[in-house]
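Me: Please go through this model with me in short questions and answers. Keep it to what can be computed from the atoms.

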Amino acid sequence: MRRSYSALAGLLAMLLFCPSVRAQQPFAVGTASAAPGQKATGYLEVPAGVDAATNIPVVVVNGVKPGKILALVSGAHGTEYVSIIAVERLIVDLDPAKISGTVILIPLVNIASFEQKVPHVNPVDNKSMNRFYPGKSDGTQTERALYLITKQIVDHCDYLIDYHGGDLDESLRPYAYWGPTGHSEQDRISKEMVLAFGLDHIIIWSERPTDPNATRYLDNTATVRGKPSIVVEAGHAGTVETDDVALLVNGTLSTMRALKMIPGEPHIIENPVWIERLSDVLADGPGIWYPLVKRSTYVSAGMKLGTITDYFGKVIAEPRAPVTGVVLHVNAVPSLKKGDNIADLGVVAAHAP
Ligand SMILES: [Zn+2]
């Protein structure tokens, strides 16, 4: 009998202390709390401060089996619709009975942008909701919201995917960002994530803030805190095309397979186009934009990208490509004011990383 008691004690100790056999735990974010095998909805409650309060919807899909915590965050730019609709699809489709670990989904960070159809910024304080991380508890609404996302999402996840796309005025081809850190294990995992996601153009985002108190971007906030993370972009100019939504939904599922959170093999892209540098072409002043290129067009340095006229039809500028590369996105509408992004070109990397 003594032998079996000690065997039982050993088994108990293993169950308690060995992470591979520990039981899945309840999980809560904001007001959403899910037992193992459950899906729960709630809000990140951003309190009022110098301006109004807001509630950001959050969903917890808590798997039946233990595992890692993956955060999926979308809608920092509330009119990049494909990214929001893709995460909405995942909220419905992800089945906690089939998941190891926990998925936190935030489909729409910037509710005022979505409801009022305002691109690029939160109309409450006129700030981009992906430029003020890690946020401030006593700042404006954008800063208070990002502070909560840092504390409640980033600090509690193991991996993070940030979803974007072409905004109302951006004709964008799909691509991903991968930000290497020099930490080999973290970079190996984030690279595996971006290859499993499967978008065929990947920007190597090397020069980014490293100060944890001035990280600016969401994925960089997670990266600097040691969590492998990527950015993915699809969709353009207010459209919600099935193929674009599928890229983001299927890419997420493939990445979850690579992270061993759902069964099956990931679909790893074998030969992506790696982009080593971005070149923004900005408008010198107001005018009417007539493009000569489309998203995904390959251009050589010096090639004319389009013409800009004044309101009398007189050509006032002919912006040219400063580099040889691919048009990642181009202004989708005739309106231009000083400082607007006319096009964003990606320079193809000489070597794959
Ligand atoms: Zn965006």
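Me: Is Lys260 buried or exposed?

Reply: This is a predicted model, in which local features need pLDDT of at least 70 and side-chain atom pairs count only at pLDDT 80 or more, while totals for chains, interfaces and linings use all residues. Residues are numbered from 1 along each chain as its sequence is written, and side-chain values use heavy atoms, with hydrogens and water left out. Buried is under 20% relative accessible area, exposed over 50% and partly exposed in between, with a 1.4 Å probe and protein chains only. Lys260 has a relative accessible area of 67%, so the residue is exposed.

Me: Where does Lys260 lie, and what is its phi?

Reply: Helices (H or I, at least four residues) and strands (E, at least two) are DSSP runs, numbered from the N terminus. Lys260 is in the loop between helix 7 (242–258) and strand 12. Most residues other than glycine have a negative phi. Lys260 is not a glycine, yet its phi is positive, about 60°.

Me: How exposed is His120, in relative accessible area?

Reply: His120 also lies in the loop between helix 3 and helix 4. Its phi is positive, near 75°, in a residue other than glycine. His120 is partly exposed, because its relative accessible area is 30%.

Me: Which atoms coordinate the zinc ion?

Reply: Donors are N, O and S atoms within 2.8 Å of the metal (3.2 Å for Na, K and Ca), and water is not among the atoms, so sites may look incomplete. Along the chain, the donors of the zinc ion follow the spacing H-x2-E-x83-H. Both His77 and Glu80 are buried. At 2.0 to 2.4 Å, the coordinating atoms are His77 (ND1), Glu80 (OE), Glu80 (OE) and His164 (ND1).

Me: Why is the arrangement around the zinc ion irregular?

Reply: Four donors count as tetrahedral if all angles lie between 85 and 135 degrees; four count as square planar and six as octahedral if opposite donors are over 155 degrees apart and all others between 65 and 115; anything else is irregular. The arrangement is irregular because the 4 donor atoms subtend angles of 57 to 153°.

Me: Which residues lie nearest the centre of the largest pocket?

Reply: On a 1 Å grid over the protein atoms alone, a pocket is an open set of points with protein on both sides within 12 Å along at least five of seven lines, and lining residues have an atom within 4 Å of a point. The largest pocket holds about 930 Å³ of space, where a volume is the space filled by probe spheres set on points joined across faces, edges and corners. Of its 33 lining residues, those nearest the centre are His120, Arg131, Glu170, His329 and Asn341.

Key
1 Å grid on protein atoms, 1.4 Å probe; cavity = no way out; pocket = protein on both sides within 12 Å on 5 of 7 lines; lining within 4 Å.
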